[in-house]
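Me: Please take me through this structure by question and answer. Keep it plain.

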Amino acid sequence: MGLFNRKNPYEKDALDLEAAMRTTPERPDMKARPPAPSPTSMMSPQPPAPHAPAPLAPTPPPVAASAIATRPAAYGIEDAIQLMRELPDNKKEMVITIVQKTLVSAKINVSTILDDATRKIERLERKNEKLAQEIRELEEAILQRKQEMDHNARDVAETREVKISFETALRPSGIGEISLDPLPYIPDQKAG
């Protein structure tokens, strides 16, 4: 997008409309209009004549007030950045002076570009602050998970140690074996 390629966005629409009006053939139903009714004919009950369509007059689509308020500047900081990327880096001061004078001659308000740049900087700084906060929260969550993993690892080690101790105590050693089987049920002999 070049600096001198910018045109009024409505200019093209107006030119297109004008060309369409010149090239649109006349509609046959619009050539002969019925004569206007006389006052006496209006008093007699007659069925209404079919309504002839009104001539088509192109109207621009309605624009909401909020869309006008949020419409981006005609030439903003993004355009200026793109332009500066395409220009040579040597003799930077001279290039900037030429660009500023060109913008002024094209009736582009440089202060509008500066205001747009200020808004962009503020927006990006807020976004970076939000991202930094999210990173801090994620780092806290990582630290909590690591502490939880350490606690679980100590619990696993202690549980293994106790399990091994019990397994060792329950192994048959041959001498003084401990039986974990329940005692067999012996019915009472006196009740009979």
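Reply: Buried means under 20% relative accessible area, exposed over 50%, and partly exposed in between (1.4 Å probe, protein chains only). This is a predicted model, in which local features need pLDDT of at least 70 and side-chain atom pairs count only at pLDDT 80 or more, while totals for chains, interfaces and linings use all residues. Residues are numbered from 1 along each chain as its sequence is written, and side-chain values use heavy atoms, with hydrogens and water left out.

Me: How many helices and strands does the protein chain have, and what pattern does the chain follow?
Reply: Helices (H or I, at least four residues) and strands (E, at least two) are DSSP runs, numbered from the N terminus. On that basis the protein chain has six helices and zero strands. Read along the sequence, the pattern is α-α-α-α-α-α.

Me: What share of the residues in the protein chain is buried?
Reply: The accessible surface of the protein chain comes to about 17,900 Å², and 61% of that surface belongs to carbon and sulfur atoms (Shrake-Rupley method, 1.4 Å probe; for residues, only the protein chains shown count as cover). Of the 192 residues in the protein chain, the buried share is 8%.

Me: Which residues of helix α4 are buried, and where on the helix do they fall?
Reply: Helix α4 spans residues 77-86, and its buried residues are Ile77, Asp79, Ala80 and Leu83. Seen down the axis of α4, they fall within an arc of 155 degrees (taken from the directions from the helix axis to the C-beta atoms), so they line one face of the helix. Arg85 and Glu86 are exposed on the other side of α4. The cover over the buried residues includes α5 and α6.

Me: Which residues does Val99 contact, leaving aside its neighbours within four places in sequence?
Reply: Val99 sits in helix α5 (residues 92-105) and is buried, at 12% relative accessible area. Its C-alpha atom is separated by 9.7 Å from that of Leu87, 12 residues apart along the chain. Contact means heavy atoms within 4.5 Å. With neighbours within four places left aside, the contacts of Val99 are Leu83, Met84 and Leu87.

Me: Which residue forms a salt bridge with Lys120?
Reply: Lys120 is found in helix α6 (residues 110-170) and is buried, with a relative accessible area of 18%. Leaving aside neighbours within four places in sequence, Lys120 is in contact with Ile77, Glu78 and Ile81. A salt bridge is a side-chain nitrogen of Lys or Arg within 4 Å of a carboxyl oxygen of Asp or Glu. Here the closest N and O atoms are 2.6 Å apart, and the partner of Lys120 is Glu78.

Me: How many residues apart are Glu78 and Lys120?
Reply: Glu78 is partly exposed at 44% relative accessibility. The pair links distant parts of the chain, with Glu78 in helix α4 and Lys120 in helix α6. Their separation is 42 residues.

Me: Which residue meets Lys163 in a salt bridge?
Reply: Lys163 counts as exposed at 52% relative accessibility. The N to O distance is 3.8 Å, and the partner is Glu167.
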